[in-house]
Amino acid sequence: GRNSRPMVPLPPGATLLRPHDERRASISSAPTRGLSTDILVQSARRLRVLALLYAFTFFMAGFFPNLLFAHLRARMLEDPIYWVPGVTAIAVALLVAALTMIDRVPLSMVMNDAIAFEIAGSYGIAFAEFLDPGRLATFSGWSGLSWVAAWTPLFTVVVPTRPRRAAFAALASVSAVPVVIALAIATERTALRPSPLEFFFSAVFPYLLVALMAYVGASVVYGLGKEVTRAQELGSY
């Protein structure tokens with residue numbers, strides 16, 4: 001068109017990274033997990049956004065309504081189990097976000113911490129949801145899926161990793177729901193007493209399907225990242 005401008009090729013060795021990200025890339029170790037350094041730097045930036053989103057959403061869903069009303073606030077403060085898991089989960093998310101901003105931290109360490117954060121984030125959600133006897137009393141399996149079912153697939157799509165590793169992380173992540181519910185039953189924090197079959201189909205089977213969806217999403221995203229890495233390698237020759 002009349003206003004179109006010719007595309008100017010990037011000089012050899014140039015990237016589309018921001019100056020802050022270029023500094024991190026320059027001190028990071030060689031590309032890991034089969035993805036280029038550029039993609040890993042972008043993944044670290046997305047991890048920061050995801051961690052901040054996790055902290056904000058957790059606060060708004062788990063604390064903000066209780067802080068508005070005196071009787072809910074008093075109930076929350078009467079037992080640490082009502083607020084300690086949530087506060088801990090939010091603190092971990094903010095710590096991960098801060099970690100991604102430190103240039104001296106290698107990308108490989110950030111990505112390893114990302115997997116740990118995915119799992120810890122799920123356990124934080126599950127503890128906040130299911131150690132509350134009132135919430136667990138209304139748990140009904142398929143119709144009451146935990147926020148873990150949203151968190152795990154979202155994480156695997158936003159932060160790419162090898163499909164096999166993503167599958168392990170997803171299974172460890174969704175295990176939070178049956179583990180915490182079983183803990184609540186064993187410690188008699190709830191009157192819920194499902195049979196083994198009922199427990200499997202309400203607290204295990206749905207989350208196995210969530211892990212499967214997370215694995216498929218991780219495979220697609222990782223495959224796209226590999227294609228971009230291959231194109232970058234070909235373009236450097």
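Is Asp79 buried, exposed or partly exposed? At 23% relative accessibility, Asp79 counts as partly exposed, where buried means under 20% relative accessible area, exposed means over 50%, and partly exposed is whatever lies in between, with a 1.4 Å probe and protein chains only.

Before I go on, a word on the source. This is a predicted model, in which local features need a pLDDT of at least 70 and side-chain atom pairs count only at pLDDT 80 or more, while totals for chains, interfaces and linings use all residues. Residues are numbered from 1 along each chain as its sequence is written, and side-chain values use heavy atoms, with hydrogens and water left out.

Let me start with the overall picture. The secondary structure comes to eleven helices and zero strands, where helices (H or I, at least four residues) and strands (E, at least two) are DSSP runs numbered from the N terminus. Of the 237 residues of the chain, 41% count as buried. If we take contacts, meaning heavy atoms within 4.5 Å, between residues at least 6 apart in sequence, 78% of them join residues at least 24 apart. The chain exposes about 13,200 Å², of which carbon and sulfur atoms supply 69%; accessible areas here come from the Shrake-Rupley method with a 1.4 Å probe, and for residues only the protein chains shown count as cover.

Next, confidence. The pLDDT, which is the predictor's confidence in each residue from 0 to 100, averages 82 over the chain, and 80% of the residues score at least 70. Confidence is lowest in helix α1 (residues 19-27), at a mean of 49, and highest in α9, at 95. Over residues 12-17 the pLDDT is below 50, and this stretch has eight contacts in the model beyond near neighbours in sequence. Residues 25-33 also stay under 50, and for them the model has 20 contacts beyond four places in sequence. Where pLDDT is low, the predicted coordinates should not be read in detail.

Now to the interior. A nonpolar core is a set of buried Ala, Val, Leu, Ile, Met, Phe, Trp, Tyr and Cys residues joined through side-chain atoms within 4.5 Å, and the largest one here has 52 residues, with Leu47, Tyr54, Phe58, Phe117, Phe155, Val159 and Ile181 having the most contacts inside it. The elements that give two or more residues to this core are α2, α5, α6 (107-130), α8 (148-158), α9 (163-174), α10 and α11, and the largest share, ten residues, comes from α2. Taking Phe117 as an example, and leaving aside its neighbours within four places in sequence, we find this residue in contact with Leu47, Ala51, Tyr54, Val92, Ala93, Val96, Trp151 and Phe155.

Leu95, in helix α5, counts as exposed at 60% relative accessibility. Leu95 and Phe117 are 22 residues apart in sequence and 9.9 Å apart in space, C-alpha to C-alpha.

Which residue types might one check individually? Glu129 lies in helix α6 and counts as buried, at 12% relative accessibility. Phe56, placed in helix α2, counts as exposed at 52% relative accessibility.

Finally, I return to Asp79. A search of the whole structure finds one salt bridge, a term that requires a side-chain nitrogen of Lys or Arg within 4 Å of a carboxyl oxygen of Asp or Glu. Arg189 forms a salt bridge with Asp79, and the closest N and O atoms are 3.9 Å apart. Arg189 lies in the loop between α10 (176-186) and α11 (196-235), while Asp79 lies in the loop between α4 (70-77) and α5 (84-99), so the pair ties together parts that are 110 residues apart in sequence. Arg189, at 28% relative accessibility, counts as partly exposed.

Glu188 lies in the loop between α10 and α11 and has a positive phi of about 60 degrees, although this residue is not a glycine. With a relative accessible area of 62%, Glu188 is exposed.
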